[in-house]
Amino acid sequence: MNDEYYMNLALELAKSARGQTSPNPLVGCVIVKDGSIVGMGAHLIAGGSHAEINALRMAQGNEVGSTVYVTLEPCNHYGRTPPCTEALINAKVKRVVIAQPFDPDPRVQGQGIQTLRQASIEVDVGVMQQEASQLNEWYEYFKKTQRPFVTLKTASTLDGKIATHTGHSQWVTGDKAREEVHQLRHHHDAILVGVGTVIADNPKLTTRLPSGEGRHPVRVILDSSLRIPDDATVINDGKAPVMIFTTENANVEKKERLTSMGCEVIVTGADSQVDLDQVLKVLAQKHITSVLVEGGSQINGAFLKQHLVNRVVTYIAPKILGGTDALTSFKGLEIEDMGQAFQLGQVTVSMVGNDIKVTGTPIYENKVHPNG
């Protein structure tokens with residue numbers, strides 16, 4: 001077995017905790033001695049033991065003189081848990097192989113590697129680095145920009161419609177695509193919609209997986225004049241926190257009533273529109289590292305127009321609605337020349353049931369957004 005084999009196993013362990021560790025990264029660890037795996041672990045939940053510690057516990061003393069495969073540079077600071085570098089040194093491991101060196105957390109950034117080498121532990125870096133970096137792209141983006149990573153999800157017919165001219169939209173796509181969307185909700189810290197979606201569909205905005213498990217994201221609603229109905233499911237079911245972003249023009253009494261119902265109402269705009277840039281800043285301050293935008297066409301267009309989208313995920317159903325008044329995925333862009341159209345890079349296409357899934361990264365001013 002080579003280094004890539006064991007690192008791939010560590011990456012699979014890390015993936016198993018997707019949706020559970022935010023605002024911390026996904027990390028997996030495998031400990032190998034004399035060609036045999038003696039310990040495995042993953043970071044399972046924020047505040048819980050790190051992957052290295054869980055793997056060392058499984059090894060039960062057999063880690064002396066071993067090789068440790070870990071997907072991210074071990075931490076080197078005291079936080080909610082002690083530093084993993086200290087644990088590895090005390091365990092007298094011989095070698096540490098790291099996929100993604102230089103954790104972007106300013107408390108680490110190469111110090112973990114340096115500490116291990118100073119303790120005469122052999123350290124090799126960069127094994128399956130690209131795969132490890134992709135696994136934690138939301139975490140990296142958040143640490144570097146202090147903004148949440150924004151995924152914009154749409155579901156449309158073959159002719160680009162998201163609803164009929166009457167507004168009916170259930171359901172555009174098939175069961176498998178809708179199930180995958182619930183996985184996306186489970187993976188993201190927050191889900192964001194406009195009040196128009198709440199009024200039209202009265203959605204739950206929760207995670208409903210076939211297994212019955214799944215993390216409910218924080219529910220974020222953009223509502224410039226607080227039109228949300230008092231009996232809306234999203235503010236009455238108590239399933240997850242609700243944050244409503246509004247403007248200074250909002251009715252004070254309605255704001256107080258929503259607050260008394262358990263909603264957090266935040267003013268981010270001085271005119272008739274909620275300030276999307278401020279919304280993302282506030283969410284970041286609340287340690288929300290990723291946002292899934294499932295808004296209507298107006299919200300989708302506004303996020304894209306302001307270059308606030310990191311990734312687009314679109315499900316295309318093999319259906320045709322037609323009709324000049326049927327709703328489309330994006331409004332408000334007002335593009336006059338095909339050369340001004342928003343383009344996607346890093347495009348992947350796959351089938352989800354009978355629906356086509358297209359994923360891509362918007363290119364803004366000749367730069368692919370997350371890495372630009």
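1. Leu205 sits in the loop between α8 (195-201) and β9 (218-222). Helices (H or I, at least four residues) and strands (E, at least two) are DSSP runs, numbered from the N terminus. The model is predicted: local features need pLDDT of at least 70, side-chain atom pairs count only at pLDDT 80 or more, and totals for chains, interfaces and linings use all residues. Residues are numbered from 1 along each chain as its sequence is written, and side-chain values use heavy atoms, with hydrogens and water left out.

2. Leu205 is not a glycine, yet its phi is positive, about 55°. Most residues other than glycine have a negative phi. Leu205 counts as buried, at 3% relative accessibility (buried means under 20% relative accessible area, exposed over 50%, partly exposed in between; 1.4 Å probe, protein chains only).

3. Leu226 lies in the loop between β9 and β10 (242-247). Its phi is also positive, about 55°, and Leu226 is not a glycine either. Leu226 is buried, with a relative accessible area of 4%.

4. Check the Ser22-Pro23 link: the peptide bond there is cis, with omega about 10°. Most peptide bonds are trans. Pro23 belongs to the loop between α1 (3-15) and β1 (28-33).

5. Leu344, Val347 and Val349 make a nonpolar surface patch of about 250 Å². Patch residues have over 30% relative accessible area and no salt bridge; like charges are joined within 9 Å, nonpolar side chains (Val, Leu, Ile, Met, Phe, Trp, Tyr) within 5 Å. A salt bridge is a side-chain nitrogen of Lys or Arg within 4 Å of a carboxyl oxygen of Asp or Glu. Val349 is in strand β15 (residues 343-352) and is exposed at 59% relative accessibility.

Conventions: Areas by Shrake-Rupley, 256 points an atom, 1.4 Å probe, with all protein chains shown as cover.
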